[in-house]
Amino acid sequence: MDHCGLWGIIPPVLTIVLAFLTKDVIVSLFLGILSGALIVAGGNPGTALMQLSDLVAGSLADGWNIRIFLFCAMLGGLVGLLTKTGATRAFGHWASAKLKSGTSSQFMTFVFGVIIFIDDYFNSMSVGTIMRPISDKNKVSRAKLAYILDSTAAPICILAPISSWVVTVMSIVRDAQGFEMLGMTEFEFFIKSIPYNVYAILALIMVLAIIFLKRDFGPMKQSELLATRGQLMNEEKYGPATGTVNEEETTRAKPVDMLFPIILLIVTAVAFFPIVTWLGAIDGEEITTLGQAMKSMSIGSAFNDTDSSMALWYAVMFTLTITYIYYLARRLLNLKEAAEALRDGIKSMLPALIILTMAWSIGTIIKSPASEGGLGLGLYLSHVVSDGNFPVQLLPCILFVLSAVISFATGTSWGTFGIMIPIAMPIVTSLATGIGFDQTQLVNACMISIAAVIGGAVFGDHASPISDTTILSSTGASCPHLEHVATQMPYAIFVAICSFIGFVVGGIVLNAAIAWVAAIAVFAVGLLFLPKLWKVKA
């Protein structure tokens with residue numbers, strides 16, 4: 001037998017329960033892995049600890065995984081350099097002269113949030129530092145600033161192919177049981193699944209609608225009314241601001257110093273995606289040069305068949321090296337300051353890197369068959385749901401709700417990715433093949449199901465009061481944390497309800513366009529009536 005039956009459900013359930021109780025995803029994931037190792041070891045704690053150690057080391061011994069691990073670490077180093085130079089502040093000073101109204105300053109906050117897509121922590125802190133004085137000048141409430149920061153941090157990071165979030169998701173999807181049935185690379189899967197990522201895209205649309213249509217409602221409306229009278233935050237009701245994050249002051253940094261590394265990272269990543277495929281095609285016999293490799297396949301095929309971990313690793317190393325030299329040449333940093341910036345940036349990524357490693361490890365022990373030292377949970381669940389005739393059409397909306405609850409309770413989307421994706425993929429592939437889906441239907445079912453997991457996880461990260469991104473958005477905007485949570489929550493829940501409807505309809509028809517029609521219809525009705533129904537005292 002290739003699975004351990006119901007015993008295999010213990011690690012993910014234990015992880016989820018502990019995450020709810022302790023709010024510590026790292027410890028919860030570790031104990032979940034340990035419980036799986038104990039089951040496989042027949043209850044022998046010594047053998048279980050040795051197996052756990054081998055499992056964690058093995059997850060980092062994989063070439064794909066270690067490149068993603070190092071990519072995230074070096075991305076933290078790049079963020080450290082950007083923060084230390086004060087380049088984002090310089091860019092903000094340049095832009096502030098052009099922003100004369102509350103609407104323009106809110107929209108520029110949104111634009112900065114979209115531009116700085118490489119990391120959610122850096123997004124919240126740097127954009128808040130840039131835009132807070134400009135927003136204050138134009139009488140935009142601190143709560144509104146914090147909301148825009150939060151709503152363009154996690155949502156944009158999960159949509160941009162060159163972010164630490166996306167490579168994490170791709171790495172977990174790639175290793176999930178059943179993914180090999182789809183006949184595509186993890187990068188191609190991500191790109192094609194973007195239209196199904198209803199929550200993240202709709203959260204961004206919600207920000208634009210609030211900015212330009214001015215359809216504020218609930219506690220946010222009250223905060224905005226107070227701001228028009230000069231009271232930028234409601235300290236009497238919510239307490240003092242949680243703090244302020246400031247960047248290094250510098251007189252030499254210019255706006256281009258912020259844009260240069262980001263544009264360089266995008267350009268090098270786009271260039272390396274096909275280059276990696278072409279280099280891999282050189283076999284020394286029929287194809288001996290890069291030129292011959294380029295002629296042997298279309299650029300589209302080169303993009304689709306690439307090893308994205310290798311391309312992103314090369315891109316971040318080129319970008320980091322060139323940026324390091326550029327900042328030294330510009331005298332924005334000296335050797336000591338640059339070293340400190342790199343060290344602090346990499347250090348800031350350590351919690352995320354630990355979660356990523358734990359997610360790989362629990363995914364491995366969950367999915368591996370018993371004959372290979374795992375629990376074979378995917379095989380067991382696949383048999384159970386297939387034999388039980390569970391309707392695959394309901395899977396996306398159920399996954400969305402479950403992922404949202406886990407992420408909201410734990411305050412992390414990365415941990416939710418690691419728990420839910422290895423469970424969701426084998427279930428949806430088994431159900432889809434069991435009822436005779438063709439290849440296109442199978443791929444669409446997988447895309448909307450994984451997008452539902454991602455959407456639910458992003459909602460929890462976006463809305464949870466204990467989420468790092470939520471806390472940093474409050475800090476970056478210098479807004480009372482409770483005011484940010486109270487004012488943002490109705491907006492996040494509204495977008496989540498619209499997304500849920502989209503996943504219900506999308507799961508039935510397996511069509512992204514129709515799912516969006518349903519979600520947008522509910523969204524439009526809500527924006528029309530909620531400000532009228534939810535009135536606040538002036």
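This is a predicted model: local features need pLDDT of at least 70, side-chain atom pairs count only at pLDDT 80 or more; totals for chains, interfaces and linings use all residues.
**View 1. Helix 19 and its buried residues.** In helix 19, the buried residues are Ala338, Ala341, Leu342 and Gly345. Looking down the axis of helix 19, these buried residues fall within an arc of 95°, so they line one face of the helix. An α-helix has 3.6 residues a turn, so residues three or four places apart point the same way.

View 2. Helix 19 covers residues 335–348, which is 14 residues. At 1.5 Å a residue, helix 19 should span 20 Å. Asn334 caps the N-terminal end of helix 19. A side-chain oxygen of Asn334 lies 3.1 Å from the backbone nitrogen of Lys336.

View 3. Helix 3 runs over residues 45–61 and has 17 residues. From its first C-alpha to its last, helix 3 reaches 24 Å, close to the 24 Å expected at 1.5 Å a residue. Ala48, Leu52, Leu55, Val56 and Ser59 are buried in helix 3. Seen down the axis of helix 3, the buried residues fall within an arc of 90°, so they line one face of the helix. What does the face of helix 3 turned away from its buried side carry? That face carries the exposed residues Met50, Asp54 and Ala61. At the N-terminal end of helix 3, Asn44 is the cap. A side-chain oxygen of Asn44 lies 3.0 Å from the backbone nitrogen of Gly46.

**View 4. Asn65, a buried residue of helix 4.** Asn65 is found in helix 4. Is Asn65 buried or exposed? Asn65 counts as buried, because its relative accessibility is 4%, and the cut-off for buried is under 20%. A polar atom of the Asn65 side chain lies 2.9 Å from the backbone oxygen of Ser59. Leaving aside neighbours within four places in sequence, Asn65 is in contact with Ser59, Arg174, Asp175 and Trp360.

**View 5. The largest nonpolar core.** How many residues does the largest nonpolar core have? The largest nonpolar core has 158 residues. The residues with the most contacts inside this core are Cys72, Ile158, Phe189, Tyr199, Met206, Phe417 and Ile421. Helix 24 (residues 439–463) gives the most to this core, with 15 residues. Take Ile158, and leave aside its neighbours within four places in sequence. Ile158 is then in contact with Trp165, Val166, Val169, Phe190, Asn197, Ala200, Phe417, Ile454 and Val458.

**View 6. Thr268 in helix 15.** Thr268 is found in helix 15 (residues 255–281). At 11% relative accessibility, Thr268 counts as buried. The side chain of Thr268 reaches the backbone oxygen of Leu264 at 2.8 Å. Beyond its neighbours within four places in sequence, Thr268 is in contact with Ala315, Phe318 and Thr319. Thr268 and Ala153 are 115 residues apart along the chain. Their C-alpha atoms are separated by 23 Å.

**View 7. Cysteines without disulfides.** A disulfide is a covalent bond between the sulfur atoms of two cysteines. How many disulfides are there by the distance rule? The count comes to zero disulfides. Cys397 is in no disulfide. The nearest cysteine sulfur to that of Cys397 belongs to Cys498 and is 15 Å away, whereas a disulfide needs sulfur atoms within 2.5 Å. Cys397 counts as buried, at 7% relative accessibility. Cys157 also counts as buried, at 0% relative accessibility.

**View 8. Two loop residues with positive phi.** Most residues other than glycine have a negative phi. Lys214 has a positive phi, near 55°. Lys214 is found in the loop between helix 12 (198–213) and helix 13 (219–228). Leu510 has a positive phi, near 55°. The place of Leu510 is in the loop between helix 26 (481–509) and helix 27. Leu510 counts as buried, at 13% relative accessibility.

**View 9. Leu533 in helix 27.** Leu533 lies in helix 27 (residues 512–533). At 70% relative accessibility, Leu533 counts as exposed. Leu533 and Ile201 are 332 residues apart along the chain. The C-alpha atoms of Leu533 and Ile201 are separated by 26 Å.

Note on methods
Residues are numbered from 1 along each chain as its sequence is written. Side-chain values use heavy atoms; hydrogens and water are left out. Helices (H or I, at least four residues) and strands (E, at least two) are DSSP runs, numbered from the N terminus. The expected span of a helix is 1.5 Å times one less than its number of residues. Buried means under 20% relative accessible area, exposed over 50%, partly exposed in between (1.4 Å probe, protein chains only). The arc is that of the directions from the helix axis to the C-beta atoms. A polar contact is a pair of N or O atoms within 3.5 Å; within protein, one must be able to donate a hydrogen and the other to accept it, and residues adjacent in sequence count only if both atoms are side-chain atoms. A nonpolar core is a set of buried Ala, Val, Leu, Ile, Met, Phe, Trp, Tyr and Cys residues joined through side-chain atoms within 4.5 Å. Contact means heavy atoms within 4.5 Å.
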